[in-house]
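Colleague: I would like a close look at a single part of this model, with its surroundings described in one connected account.

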Amino acid sequence: MFSVYEILRDNWLLLLVGQYPTGPLGGIVATLILSVLGIVLAFPLSVLLALARLSPWRLLRWPATVLVYVVRGVPLLMVILWVYFLVPILIGREVSGFTTMLCTLVIYEGAYLSEVVRAGIQSLPKGQSEAARALGHSHLSTMWFVILPQALYNMLPSMLSQFISTIKETTLGYVINVQELTFAANQINNQLLTKPFQVFFILAMTYYVVCFSLTQLAQWLERRITHKRLGAAPVKAAEDGVPLPTPVVTQP
C-alpha cells in the first residue's frame with residue numbers, strides 16, 4: 001500500500017490533467033470532458049433517431065432502425081476504427097485522436113440513447129397523445145410539446161446511467177492515443193516498469209470512485225422523480241374531482 005501512496009504522490013497531477021500545461025490536456029479531466037461532450041452532442045441525435053423510429057412514415061422509420069441496429073450490433077472498438085480511418089477521407093485532412101473519439105461517442109451513444117428516449121416515450125399513457133391529437137395537434141407538435149417534455153424528465157436517471165457507461169467506454173480511446181486517464185496510467189507504468197499492479201489498481205479505483213458516485217446520484221434522482229410522480233397523483237385526483245379513498249381505522 002505504501003508503494004501505491006508513493007505513485008499517487010509523485011504522479012497525481014499526470015493522472016488529473018495529463019501533461020497540461022506543457023502538453024495536451026489529459027487524465028481524468030480529459031476523460032470527463034470527452035464523456036460530457038459525447039453525451040451532450042449525442043442527445044439531439046438520439047431524440048431525432050427515436051422520433052424517426054416512432055414515425056408513421058416508413059421513409060424515416062426504416063433508415064433510423066437500420067442505423068440503430070447496426071451501431072448497437074458491433075463492438076465500440078470497431079466503430080472507433082471505422083471513424084478513425086473514414087473521417088480523414090471524408091474531410092480530406094487528419095484529425096486528432098480526441099476528435100475521432102468524440103465523433104465515435106456521438107454516433108455510438110446516439111444509437112443507445114435513442115432506445116432510452118424511445119422507451120421513455122412509449123412508457124407514457126396513450127391517452128396523452130390521443131388527447132393532444134383530439135385538440136388539433138399534428139404528430140410532430142404532439143411529440144414536441146406534449147410527449148417529449150414528460151418523457152425526457154422521466155428518463156433523467158437512465159441518461160445519467162448512460163453517461164456512466166460513456167466514462168468507462170472512453171478507455172478504448174487509448175488505442176488511438178487519446179490522452180485520457182488510461183493513457184496517463186500507462187505512461188506511469190512505462191516509467192516505473194516494475195509496479196504494474198499498483199498503477200492499474202489506482203486506475204481501477206479512480207474509475208470506481210467516479211462511477212460509484214454518479215451511480216448513487218442516479219439512484220437518488222430516480223427516487224426523487226418517483227416520489228414526485230407518486231406525490232402528484234393525489235393532487236391530480238383532487239383537481240379532477242375524484243374522491244380519495246378514506247383510510248380504514250381499526251380499533252385496537
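Leaving aside its neighbours within four places in sequence, which residues is Gly120 in contact with? Please go on from there to the packing around it.

Modeller: This is a predicted model, with a mean pLDDT of 82 for the protein and 90% of its residues at 70 or more. Gly120 lies in helix α5. Apart from neighbours within four places in sequence, Gly120 is in contact with Ala151 and Met155. Its relative accessible area is 8%, under the 20% limit, so Gly120 counts as buried. Pro56, by contrast, is 64 residues from Gly120 in sequence, and the two C-alpha atoms are 18 Å apart.

Now the packing. The largest nonpolar core has 38 residues, and the members that touch the most others are Leu15, Ile121 and Ile167. At least two residues of this core come from each of α1 (2-17), α2 (27-53), α5 (97-122), α7 (139-154), α8, α9 (181-192) and α10 (196-239). The biggest share is that of α10, with 8 residues. Apart from this core lies another, of 16 residues, which include Ile80, Leu105, Tyr108 and Ala111. As a general matter, nonpolar side chains in soluble globular proteins tend to be buried together.

Helix α8 covers residues 156-169, 14 residues in all, and spans 20 Å from its first C-alpha to its last, close to the 20 Å expected at 1.5 Å a residue. Its buried residues are Pro157, Met159, Leu160, Gln162, Phe163, Ile164, Thr166, Ile167 and Glu169. Among these, Ile167 touches Thr31, Leu32 and Ser35, and also Tyr207, Val210, Cys211 and Leu214, with residues up to four places away in sequence not counted.

Cys103 is partly exposed because its relative accessible area is 30%, between the 20% and 50% limits. A search of the whole structure finds 0 disulfides.

Two stretches call for caution. Over residues 234-240 pLDDT stays under 50, and the model has 3 contacts for them beyond four places in sequence. Over residues 244-252 pLDDT also stays under 50, with 2 such contacts. Where pLDDT is low, predicted coordinates should not be read in detail.

Key: Residues numbered from 1 in each chain as written. Predicted model: local features only at pLDDT ≥ 70, side-chain atom pairs only at ≥ 80, totals over all residues. Heavy atoms only, no water. pLDDT = per-residue confidence, 0-100. Contact = heavy atoms within 4.5 Å. Helix = DSSP H or I, 4+ residues; strand = E, 2+ residues; numbered from the N terminus. Expected span 1.5 Å × (residues − 1). Buried < 20%, exposed > 50% of the residue type's maximum accessible area, 1.4 Å probe, protein only. Core = buried A, V, L, I, M, F, W, Y, C linked by side-chain atoms within 4.5 Å. Disulfide = S-S within 2.5 Å.
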